[in-house]
Amino acid sequence: MSDPWENLAAHYGTIKERRILSLFDDAARFTRFSAHAGDLLLDFSKTNLDETGLGLLLDLARTRGVETRRDAMFRGEKINTSEDRAVLHTALRAGEDAAVSLDGQDVMPDIRATRARMAAFAQGVRSGAIETAVGGRFSDVVNIGIGGSDLGPSMTTLALAPYHDGPRTHFVSNVDPADISGVLAGLDPAETLVIIASKTFTTIETMSNAATALAWLHKGLGDKAPRHLAAVSSAGDKTTELGIDPARVFGFGDWVGGRYSVWGPVGLPLMLAIGPARFDTFLAGARAMDRHFCDTELAENLPVLLGLTGIWHRNICGYDSRAVLPYDQNLRRLPAYLQQLDMESNGKRVGLDGAPLTRASGPIIWGEPGTNGQHAFYQMLHQGTTIVPCEFLIAAAGHHPDLAHQHDLLKANCLAQSVALMRGRMGQGDSYRDFPGNRPSITLAYPKLTPFTLGQIIALYEHRVFVEGAIWGLNSFDQWGVELGKELAQTLLPMVKGADPKGKDSSTRGLLKALNPDR
Ligand code: F6P
């Protein structure tokens with residue numbers, strides 16, 4: 001047989017009943033089914049993959065053109081075909097002497113210039129050289145954005161909390177007034193810088209929150225309110241309309257998707273929190289992963305191997321979700337971040353040619369940090385009827401040497417879970433005490449969650465999404481699936497305010513009535 005999909009299915013048929021644990025009769029199992037990139041270690045030995053399966057998956061990656069498509073992305077080809085755009089978020093983290101050509105033009109001079117302006121601005125705010133409207137220092141920064149304009153900066157800023165030495169940072173994303181009210185309630189407009197982050201500057205949630213924040217600033221500062229504003233956007237005309245000084249507007253090209261944008265101006269809150277030098281180190285980590293992805297043999301390539309375990313579990317074993325379980329409290333927003341990165345990228349039902357896909361594509365991504373999840377949903381992971389491949393993340397060391405004994409407990413718990421999932425425990429007398437085991441997991445281990453390591457980890461996941469999307473033959477860089485809800489919200493708004501809900505189904509009419517009892 002020459003179709004790699006068929007070969008994989010046939011192979012799976014022969015090993016389906018095998019216990020993962022039995023694979024460890026091979027003393028070299030861990031060495032063979034783990035790989036390194038920089039300071040990351042990916043262990044995928046606690047899965048049911050064997051040499052034959054892995055070989056077939058590598059064949060699949062080759063046949064589906066993963067390498068060709070990867071090279072096309074880095075070359076600036078317009079691989080986002082439905083929007084006719086290049087995909088060059090990697091240029092945002094390219095080194096000082098790199099040249100990246102798009103339509104015959106090097107995009108790097110602009111990227112470097114914006115990076116330098118961001119750094120000067122961040123440094124000015126951090127040092128106090130850029131003063132508040134009343135001549136003081138900015139103590140707080142509020143980032144207003146949603147989706148990629150929120151999840152990247154908020155997740156990374158939280159992840160690197162031990163490195164914060166700048167102003168306090170806060171994030172507002174939800175249009176629910178509870179979000180902005182809660183954040184602004186504790187702040188003083190005279191000491192707060194507001195960043196409005198929206199690539200398009202049209203996103204309704206962000207524009208509503210921005211108007212509320214501007215009114216709040218006006219109340220405190222009068223006409224000087226715009227001096228407390230900065231914007232991250234590609235829509236310079238719209239930021240000017242809002243009175244934002246163009247010197248405080250940081251833009252990027254349409255070849256950077258929102259969920260891939262943390263490496264550039266969208267990362268401004270992180271840069272303000274940890275400083276430009278550490279932000280550079282964060283970029284350097286991602287750059288190291290880019291080099292690894294481009295230069296390493298597929299069989300040793302971390303994003304490729306991570307992507308292939310995803311394909312194995314999704315398409316060959318038929319598991320429809322995967323749990324992301326960081327045993328790292330500072331990565332507690334990673335599952336939410338990966339939900340956008342992965343599900344907005346690969347949650348697609350048609351291929352690049354517009355025809356329906358004939359195989360399952362992106363799985364459901366979910367998760368919570370360990371050990372908290374252990375006391376919530378791990379019951380289902382161990383004894384439920386649905387098998388969920390688990391992806392653990394764990395650092396060798398935390399940021400609190402004085403509490404190393406607690407970090408040891410964290411590590412022991414993480415390891416215990418992957419062992420328990422694999423081994424199980426039967427014969428306890430009562431069936432409800434039995435653990436069937438044979439449940440797959442992978443573990444990503446790193447020395448410590450530093451800016452460099454975080455850059456590597458995020459770029460690893462970006463490229464994993466890329467590998468899986470390339471194998472499924474879909475466009476990982478558009479997001480048409482978010483449009484319908486946005487449009488309908490606009491048509492429903494007048495009805496929420498009391499207009500006749502004519503043409504709506506009885507459920508929607510009934511709900512409108514319940515939500516508007518006085519109308
Ligand atoms: O609605 C989805 C989306 O377009 C995301 O892809 C994006 O990250 C988010 O909205 C925010 O968009 P913007 O930065 O233009 O406000």
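Against which strands and helices do the buried residues of α7 pack? The buried residues of α7 pack against β5, β6, α11 (268-274), α12, α14 (334-346) and α17, where buried means under 20% relative accessible area, exposed over 50% and partly exposed in between (1.4 Å probe, protein chains only). Contact throughout means heavy atoms within 4.5 Å. Helices (H or I, at least four residues) and strands (E, at least two) are DSSP runs, numbered from the N terminus.

The structure is a predicted model, in which local features need pLDDT of at least 70 and side-chain atom pairs count only at pLDDT 80 or more, while totals for chains, interfaces and linings use all residues. Residues are numbered from 1 along each chain as its sequence is written, and side-chain values use heavy atoms, with hydrogens and water left out.

**View 1. Helix α7 and its burial.** The buried residues are Leu151, Gly152, Pro153, Ser154, Met155, Thr156, Thr157 and Ala159.

**View 2. The contact of α7 with α14.** The axes of α7 and α14 cross at roughly 155° and come within 9 Å. Axes are lines fitted to C-alpha atoms, for helices over the stretch in contact, and angles run from 0 to 180 degrees between N-to-C directions. Helix α7 is therefore roughly antiparallel to α14; angles under 35 degrees count as roughly parallel, over 145 as roughly antiparallel, 65 to 115 as roughly perpendicular and the rest as oblique. The crossing of α7 past α14 is left-handed, a term used if the near helix is turned anticlockwise from the far one by less than a right angle, and right-handed if clockwise. From α7, Leu151, Gly152 and Met155 meet Leu334, Ala336, Tyr337 and Gln340 of α14. The residues of this contact comprise 5 nonpolar, 2 polar and no charged. Here Ala, Val, Leu, Ile, Met, Phe, Trp, Tyr, Cys and Pro count as nonpolar, Asp, Glu, Lys and Arg as charged, and the others, Gly among them, as polar.

**View 3. The contact of α12 with α17.** Helix α12 (residues 276-295) packs with helix α17 (residues 451-472) at an angle of about 40°, their axes lying 7 Å apart. The two helices are therefore oblique to each other, and α12 passes α17 in a right-handed crossing. The residues of this contact divide into 14 nonpolar, 5 polar and 2 charged. Those contributed by α12 include Arg278, Phe282, Met289, Asp290 and Phe293, and those of α17 include Phe452, Ile458, His463 and Phe466.

View 4. An open sheet of 5 strands has the order β6-β5-β7-β8-β9, with parallel pairing; two strands pair if DSSP finds at least two bridges between them. Strands β6 (168-172) and β9 (249-250) stand at the edges with a single partner strand each, so one side of each has no neighbour in the sheet. Within the sheet, β5 (residues 140-144) pairs with β7 (residues 192-197) in the parallel sense over 5 bridges, and Val141 has Leu193 in β7 as its bridge partner. Helix α8 (residues 177-185) lies across β5 and β6 and runs at about 160° to β6.

**View 5. Strand β10 and its partner β11.** In β10 (residues 321-327), 7 of the 7 residues are buried, so the strand is largely enclosed by the rest of the structure. Both faces are covered, with Ser321, Ala323, Leu325 and Tyr327 buried on one side and Arg322, Val324 and Pro326 on the other. Strands β10 and β11 run parallel and are joined by 3 bridges; the partner of Ala323 in β11 is Trp366.

View 6. The peptide bond from Gly370 to Thr371 is cis, with omega near 10°, and Thr371 is found in the loop between β11 (364-366) and α15 (378-383). Asp84, in the loop between α4 (66-74) and α5 (89-92), is a residue other than glycine with a positive phi, near 50°. Asp84 is exposed, at a relative accessible area of 53%. Phe201, in the loop between β7 and α9 (204-221), has a positive phi of about 60° although it is not a glycine. Phe201 counts as buried, at 5% relative accessibility.

**View 7. The surroundings of Arg359.** Arg359 is found in the loop between α14 and β11 and counts as partly exposed at 36% relative accessibility. Leaving aside neighbours within four places in sequence, Arg359 is in contact with Asp3, Trp5 and Asn315.
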